[in-house]
Amino acid sequence: METTFKPVETTLQTGYRRCSRCVLDTTVSDIWFDEKGVCKYCHIHDEMDRRHPVETMDDDLKKIVARIKKDGAGKPYDCIVGVSGGRDSTYTLLMAKKLGLRPLAVHFDNGWNSEIAVSNIKKATSLLGVDLHTVVADWEEFKDLQRSFLKASVPDADIPTDYAIYSVLYETAAREGVGYILNGHSFRTEGTSPISWTYMDGRYFKSVHRKHGSGSVRSFKVMMLPYLLYCSFVRRIREVRLLEYVDYNKKKVDEVLGRELGWVYYGGHHHENLYTKFFQSYLLPGKFNIDKRKTELSALIRSGQISREEAVAELEASPYEYDRSVVAYAISKLGWTLEDWEEIFNRSPRSHQDFQTYLPLIRFLRWPIKVACSLKILPHILYLKYAS
Ligand SMILES: [Zn+2]
């Protein structure tokens with residue numbers, strides 16, 4: 001079974017090309033380059049930067065915070081913050097409190113939390129005096145969901161968790177009558193995950209589960225289009241990416257979080273969750289030739305935190321490192337023998353295009369979506385990433 005644990009060598013295919021500005025390359029199947037060799041995702045970054053200019057960041061932040069406070073007046077909470085114990089979400093929670101907001105922290109426990117993550121969440125919420133609402137997944141049900149995406153042989157195998165978090169945040173916001181979900185994502189430091197690497201919608205979620213899983217989902221709501229439209233247009237729930245309004249430097253943030261909240265780093269982007277660690281450090285590079293470090297490094301190049309040369313050197317110095325004990329633990333926890341896993345791992349890679357999704361509809365409705373994004377009813381990245 002040794003071979004299964006070893007990611008394949010990243011070979012330079014015929015026609016290989018790397019963006020002249022960042023480190024995204026033709027391992028991203030939906031990438032394109034302009035005449036200067038600058039990629040689609042650098043263009044998305046520039047468009048987002050035009051919409052969130054650094055020069056007006058402080059004023060924009062004051063306006064959005066004032067609006068959140070006004071809309072939440074008289075309610076127990078004025079915003080929802082999803083927390084994972086990771087850097088971005090913990091810092092979002094800290095920022096929310098420092099800005100005088102009254103957040104409710106929401107955590108979805110998919111059964112794979114590391115001890116560090118659990119401890120980080122407890123320390124942050126208790127030190128900041130924030131109520132914590134935790135939704136614990138039914139393990140058998142969630143295991144079936146994760147197995148179904150792995151059996152489907154798609155690179156979006158972390159979608160059960162991402163989708164569940166998204167759903168739990170919207171459901172909680174709707175139930176509590178809260179209009180704002182503060183999101184710990186920033187295009188400046190995390191980048192935009194390529195659509196061929198990560199795709200997510202309710203129709204896709206159901207399509208994969210129907211074909212490769214069993215039973216129904218009870219731990220959280222699978223949000224189909226009507227419910228999303230209801231949340232966006234009737235309940236007027238908005239996502240706010242708070243970190244896009246501040247100068248977010250990861251090293252400085254780590255120091256602040258450690259000093260103020262006793263926060264502890266867990267050794268890799270999103271590695272606070274053991275399944276994500278298994279998925280990101282081992283499955284994606286080994287089976288799909290996807291190295292997610294490229295997304296984050298590219299974002300840091302674009303926002304001037306590192307040079308392209310440093311990023312290339314980091315990527316070429318070593319492949320994505322993974323922990324063999326985490327891989328063995330994950331396979332066993334998912335209820336597979338190494339022989340079972342060998343067969344699943346060796347299935348031909350597929351993509352969201354092999355399943356039913358909302359993507360054709362999103363592209364058909366791109367102009368109404370563009371208008372809704374311009375009016376800030378929907379996040380603009382939705383249009384840029386999926387519909388443009
Ligand atoms: Zn680029």
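Is R21 buried, partly exposed or exposed? I shall begin with this residue and then move along the chain. Please bear in mind that the model is predicted.

R21 has a relative accessibility of 26%, so it counts as partly exposed. The residue sits in the segment before α1. Apart from neighbours within four places in sequence, R21 is in contact with V38, C42, H45, D46, I301, R302 and R308.

The protein donors here are the SG atoms of C19, C22, C39 and C42, at 2.3 to 2.4 Å from the ion. Along the sequence these donor residues follow the spacing C-x2-C-x16-C-x2-C. C19 lies in the segment before α1 (40-51), as does C39, so this pair ties together parts that are 20 residues apart in sequence. C19 and C39 are both buried.

What is the geometry of the zinc site? The angles among the four donor atoms run from 104 to 117°, and the site is tetrahedral. For reference, the ideal angle for four tetrahedral donors is 109.5 degrees.

With a relative accessible area of 4%, T90 is buried. Setting aside neighbours within four places in sequence, the residues in contact with T90 are G85, A124, L257, L261 and W263.

Helix α5 covers residues 139-151 and helix α6 covers residues 159-176; they pack at an angle of about 130°, with axes 9 Å apart. The two helices are therefore oblique to each other. On the α5 side the contact is made by F142, L145, Q146 and F149, and on the α6 side by I159, P160, T161 and A164.

In the loop between α5 and α6 we find S153. This residue has a positive phi of about 65°, although it is not a glycine. As background, most residues other than glycine have a negative phi. S153 counts as buried because its relative accessibility is 2%.

The loop between α10 and α11 (293-302) contains N289. N289 is not a glycine, yet it has a positive phi of about 55°. Its relative accessibility is 19%, and N289 counts as buried because the cut-off for that class is under 20%.

Within helix α11 lies T295. T295 is buried, at a relative accessible area of 7%. Excluding neighbours within four places in sequence, T295 is in contact with L24, E190, G191, T192, S193, P194 and W197. By contrast, the C-alpha atoms of T295 and I331 are separated by 26 Å, for 36 residues along the chain.

Further along, the loop between α14 (338-345) and α15 holds Q353. Is Q353 buried or exposed? At 65% relative accessibility, Q353 counts as exposed. The C-alpha atom of Q353 is 28 Å from that of E171, and the two residues are 182 positions apart along the chain.

Which of its residues are buried? They are I369, A372 and C373. These residues cover an arc of only 100° around the axis, which puts them on the same side of α16. In general, an α-helix has 3.6 residues a turn, so residues three or four places apart point the same way. The cover over the buried residues of α16 includes α8 (225-234), α15 (359-364) and α17 (380-387). Just after α16, K376 takes a positive phi of about 65°.

Key
Residues numbered from 1 in each chain as written. Predicted model: local features only at pLDDT ≥ 70, side-chain atom pairs only at ≥ 80, totals over all residues. Heavy atoms only, no water. Donors = N, O, S within 2.8 Å, 3.2 Å for Na, K, Ca; no water. Tetrahedral: all angles 85-135°; square planar, octahedral: opposite > 155°, others 65-115°. Helix = DSSP H or I, 4+ residues; strand = E, 2+ residues; numbered from the N terminus. Buried < 20%, exposed > 50% of the residue type's maximum accessible area, 1.4 Å probe, protein only. Arc of directions from axis to C-beta. Contact = heavy atoms within 4.5 Å. Axes fitted to C-alpha atoms, helices over the stretch in contact; angles between N-to-C directions. Parallel < 35°, antiparallel > 145°, perpendicular 65-115°, else oblique.
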